[in-house]
Amino acid sequence: MFDQRADGPMEQFEILPIVDLHFGSIDISLTNSALWMIIGTAAITIFFFAATRRAAMIPGRIQSMAEVFYEFTFDLVRDTIGPDGRKFFPYVFTLFIFILIMNLFGLLPSWPGLAHELHTFTPTSHVIVTLALAMLTITIVIVYGFMKNGLKFLKLFWPSGLPLWLMPLLCLIEVISFLSRPLSLAIRLFANMFAGHVILKLFAGFVVSLIGTGSAVMLFGIAPFLGAIAVTALEFLVAALQAYVFAVLTCIYLSDAAHAADH
Amino acid sequence: MEAEAAKLIGAGLAAIPLAGAGVGLGLIFGNFLSGAFRNPSAAAQNQPTMLLAFALTEFTGLLGFAIAMIILYTF
C-alpha cells in the first residue's frame, strides 16, 4: 500500500538517475534533482513569457503577479545597493525566483505509487546546489569588487577610524567573516530546507505507523497529522523567507563590493 | 564505549546550539516588536535589517545541525 522506500525521513533526499548517461568516466545522468530544476526553470520561463506576452498599461491578472515579483526585487536591489545596483538586478531576480520556485516545488505532494525517482524533490535541500549558488555570488562580489575599486577593494578588510593596535585583530576577523560568507549562505538555505523536510516526513511517518497498528491507538494519529499540517504551513513561510534572505544577503555583499573604497 | 554509540551521543550534543539560537531569535524578534510598538512608523523600513539579523542568528543553530550531519554521516 505504501511505497517501501518512503519509510525513513532520509530517503526523500536520495539522488537517483532517471536517464543514464555516461560520458567516458564522467556520470552526466539526468537525475531527479536535475529534472526538478528543469521543471522549475521551465515553469518560471512559461510564467514570465505568459505574463509579458501581452504587456499592457493596465496589467491583467498574470501580468500584475509578475509585476509584484519584479517590483519587490527591484526595490530590494535599489534600497540595498543604491543606484549602481541596477546592473545586478537581473542576477538577483533570477536567483530569488529560482530559489523560491525550487523551495516551493519541493512542497508539492507526490503522486502516491509513483516510482521513487519521480517523487517531488527539493534541489535546494542539497548543499552542493546551494553552495554552487553561493560561490557564484561570492565570485561576482570578488570580481566586481576588484574591477570597480582596484586594490582599494582590500579596504573591506581594513576598517578605518580605529586604533592601530586593534587593526591586525580586526583584519583577521574581517577576513574570517568574508571567507565564511559563501559557507553561511549555502548552509543556511540547505539546512533550512533539509530540516523542514525531515520534520515533515517524521510527522507523516508517525501518522502512517499509528494507522498501521489497526487498533484504537489509530486515533492518536490525529495529533501528528495536525502537526504535519502546521509544519507544512511553516514550510511555506520558510521557503519564501529563505529565498528572500538569500537575495538580501547577495545584495548586501554586492553593495559591500560596490562601496568598498568609500569607507 | 562503542564508536557507534559515541557518534550518536555526539550528534545529540551537537543540537545544543539550538538553545543559543533560540535565545538569540527571541531577543531579535522581541526587541524588534518592542521598538515597533514604540515607533510604528519606523517599523517597516527596519524590517529588512531584522530579517538579516534573524538569518545571521539562525546560522549559529544551523551550524550545530551541520556538525551533527558531519558526525553522523562522514565518520
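These are my notebook entries on a predicted two-chain model, chains A and B.

**Ground rules**

I number residues from 1 along each chain as its sequence is written, with chains lettered from A and ligands numbered from 1 in the order in which they are written. The model is predicted, so I kept to the rule that local features need pLDDT of at least 70 and side-chain atom pairs count only at pLDDT 80 or more, while totals for chains, interfaces and linings use all residues.

**Chain A, overall**

I began with the elements of chain A and found six helices and four strands. Here helices (H or I, at least four residues) and strands (E, at least two) are DSSP runs, numbered from the N terminus. From the N terminus on, the order reads β-β-β-β-α-α-α-α-α-α. The C-alpha atoms fill a box of roughly 75 × 55 × 50 Å along the principal axes.

I then looked up burial: 26% of the 263 residues of chain A count as buried. My cut-offs use C-beta atoms placed from the backbone: a residue is buried if 20 or more other C-beta atoms lie within 10 Å of its own, exposed if 12 or fewer, and partly exposed in between. For contacts, I take two residues whose C-beta atoms, again placed from the backbone, lie within 7 Å. Among the contacts in chain A with a separation of 6 or more, 64% join residues 24 or more positions apart.

**The largest nonpolar core**

Which residues touch the most other members of this core? I noted Phe96(A), Ile99(A), Phe246(A), Ala247(A), Cys251(A) and Leu254(A), out of 41 residues. Two or more residues each come from α2 (61-81), α3 (89-105), α4 (127-149), α5 (167-213) and α6 (222-258) of chain A, and also from α3 (43-74) of chain B. The largest share, 12 residues, belongs to α6(A). By nonpolar core I mean a set of buried Ala, Val, Leu, Ile, Met, Phe, Trp, Tyr and Cys residues joined through C-beta atoms within 7 Å.

I followed up Ile99(A): leaving aside neighbours within four places in sequence, its contacts are Thr124(A), Leu189(A), Ala243(A) and Phe246(A).

**Single residues**

Met193(A) sits in helix α5 of chain A. Is Met193(A) buried or exposed? It is buried, because 27 other C-beta atoms lie within 10 Å. Not counting residues up to four places away in sequence, Met193(A) touches Asn103(A), Gly106(A), Thr122(A), Thr124(A) and Ser125(A). Leu234(A) is 41 residues from Met193(A) in sequence and 11 Å away in space, C-alpha to C-alpha.

Ser177(A) is in helix α5 of chain A too, but it has 11 C-beta neighbours inside 10 Å and so counts as exposed.

Glu11(A) comes in the segment before β1 (17-19) of chain A. It counts as partly exposed because it has 14 C-beta neighbours inside 10 Å. Between Glu11(A) and Asp79(A), 68 residues apart in sequence, the C-alpha distance is 42 Å.

In chain B I picked Gln45(B), which is found in helix α3. With 9 C-beta neighbours inside 10 Å, Gln45(B) counts as exposed. The C-alpha atoms of Gln45(B) and Leu63(B) are separated by 29 Å, with the two 18 residues apart along the chain.

**Where the chains meet**

I listed the contact between the chains: 10 residues from chain B and nine residues from chain A. On the chain B side, nine are nonpolar, none polar and one charged. In this scheme Ala, Val, Leu, Ile, Met, Phe, Trp, Tyr, Cys and Pro count as nonpolar, Asp, Glu, Lys and Arg as charged, and the others, Gly among them, as polar.

**Helix pair in chain B**

How do α1(B) and α3(B) pack? Helix α1 (residues 3-13) meets α3(B) at an angle of about 170°, with the axes 8 Å apart. That makes the pair roughly antiparallel (angles over 145 degrees). I found Lys7(B), Gly10(B) and Ala11(B) in α1(B) meeting Ala68(B), Ile71(B) and Leu72(B) in α3(B). By class, this contact has four nonpolar, one polar and one charged residues.

**UniProt check**

An unreviewed UniProt entry places "transmembrane region" at residues 6-29 and 50-73 of chain B. Residues 6-29 are 88% helix and 0% strand, with end C-alpha atoms 36 Å apart. For residues 50-73, I read 100% helix, 0% strand and 34 Å between the end C-alpha atoms.

Technical notes: Axes fitted to C-alpha atoms, helices over the stretch in contact; angles between N-to-C directions. Parallel < 35°, antiparallel > 145°, perpendicular 65-115°, else oblique. UniProt positions renumbered as here; feature names shortened; annotations may be inferred.
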